[in-house]
There are 2 protein chains.
Amino acid sequence: MKRSSRLSIALHALVHLHAQPGKQLSSAALATCLMTNPVVVRRILGELREAAIVDASKGPNGGWTLSRPATEITLRDVYAALGERMLVRTESDPGDVTCAIVRSVDRVMHDFLDDAEALLAARLQRVRLSDLATDALHAGFPRLD
Amino acid sequence: MKRSSRLSIALHALVHLHAQPGKQLSSAALATCLMTNPVVVRRILGELREAAIVDASKGPNGGWTLSRPATEITLRDVYAALGERMLVRTESDPGDVTCAIVRSVDRVMHDFLDDAEALLAARLQRVRLSDLATDALHAGFPRLD
DNA sequence: CTATATGTAACAATAAAAGTTACATGAAAC
DNA sequence: GTTTCATGTAACTTTTATTGTTACATATAG
């Protein structure tokens, strides 16, 4: 599989959970839907559980459910829960930081990326999980601007 | 070395070129500064050459120079020349696109990232190479907002 | 012609991400 | 209580992307 599909997998799983409200979906069942491994599902949803986005229950008929309505889950919540950076951080060689130019480049890029990251987060916050689910049927999607 | 340091290396090299105007710096010399390999320098600067940001000349006393003043080179130019995506594209399993949910997630994320990418490019355009170079000496840096 | 630079292909090494196996833990059903 | 079926997690393997390296062709100044 390609790089950084975690967010994609997470969203896909969440939409599946939303599509079957009240039902507990097991990691194995989700793994089949997502064409991946149950452990991968547990790893990713485990992070969402810590962020109180989903709940997990063990034992027979156990599995995953949404902790709250899909209208109250934004993509920012999911993004933050995964602790990922959507922005690729540009990094210099650690042995290279004695050079003033390198430090300057790093500092400027760091500031820029922090700034951009906040901007992205604000935009992600405008998209709700329910928007995603709706979009699976209709083409309409809230404009970002 | 860490992931995606190409932009960082490119900027570092460009500032070095700017710091010694008129002088031709060889890939080997730059590689020493950047703590990397001459071939890596050639690969990266080669892309900048195609974008008419730097010039290369062969033979003795050959090397790299800026094609135009550092005040006329923006970070967007460099970024675009490298053909990189600062935003990590979220990708789904190719065998999975028959699922309406996956396609929906992919479409929404694709739209979102395109949108965000344009936003980032606009911001990068405000930063000139000369700003970076100046920053290597002074702490002042143009505010982004 | 020679020395020295870029240009590039081919390959090796490294690092990050995902996939897999194995097993411990917990909760419901009987 | 014991059986069953789920999550939780550690350890390891596989895969992929990136970077580093070697080798050599090409061009150019002197």
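Visitor: How many disulfides does the structure hold over all chains?
Guide: The structure holds 0 disulfides over all chains. A disulfide here is a pair of cysteine sulfur atoms within 2.5 Å.

Visitor: What am I looking at, and how is it numbered?
Guide: This is a predicted model, where local features need pLDDT of at least 70, side-chain atom pairs count only at pLDDT 80 or more, and totals for chains, interfaces and linings use all residues. Residues are numbered from 1 along each chain as its sequence is written, chains are lettered from A and ligands numbered from 1 in the order in which they are written, and side-chain values use heavy atoms, with hydrogens and water left out.

Visitor: New topic. At what angle do helix 3 and helix 4 of chain A cross?
Guide: Roughly 110°, with the axes of helix 3 (residues 38-50) and helix 4 (residues 75-82) of chain A coming within 8 Å. So helix 3 of chain A is roughly perpendicular to helix 4 of chain A. Roughly perpendicular covers 65 to 115 degrees; under 35 is roughly parallel, over 145 roughly antiparallel, and the rest oblique. Axes are lines fitted to C-alpha atoms, for helices over the stretch in contact, and angles run from 0 to 180 degrees between N-to-C directions. Helices (H or I, at least four residues) and strands (E, at least two) are DSSP runs, numbered from the N terminus.

Visitor: Which residues make that contact?
Guide: Helix 3 of chain A brings A:Ile44, A:Glu47 and A:Leu48, and helix 4 of chain A brings A:Val78, A:Ala81 and A:Leu82. Contact means heavy atoms within 4.5 Å.

Visitor: What about chain B?
Guide: Helix 3 (residues 38-50) and helix 4 (residues 75-82) of chain B pack at about 110°, axes 8 Å apart. The contact uses B:Ile44, B:Glu47 and B:Leu48 of helix 3 of chain B, and B:Val78, B:Ala81 and B:Leu82 of helix 4 of chain B.

Visitor: Where is A:Arg85 found?
Guide: A:Arg85 sits in the loop between helix 4 and helix 5 (100-124) of chain A. At 45% relative accessibility, A:Arg85 counts as partly exposed.

Visitor: What does A:Arg85 touch?
Guide: Leaving out residues up to four places away in sequence, A:Arg85 touches A:Tyr79, A:Asp114, A:Glu117 and B:Val88.

Conventions. Buried < 20%, exposed > 50% of the residue type's maximum accessible area, 1.4 Å probe, protein only.
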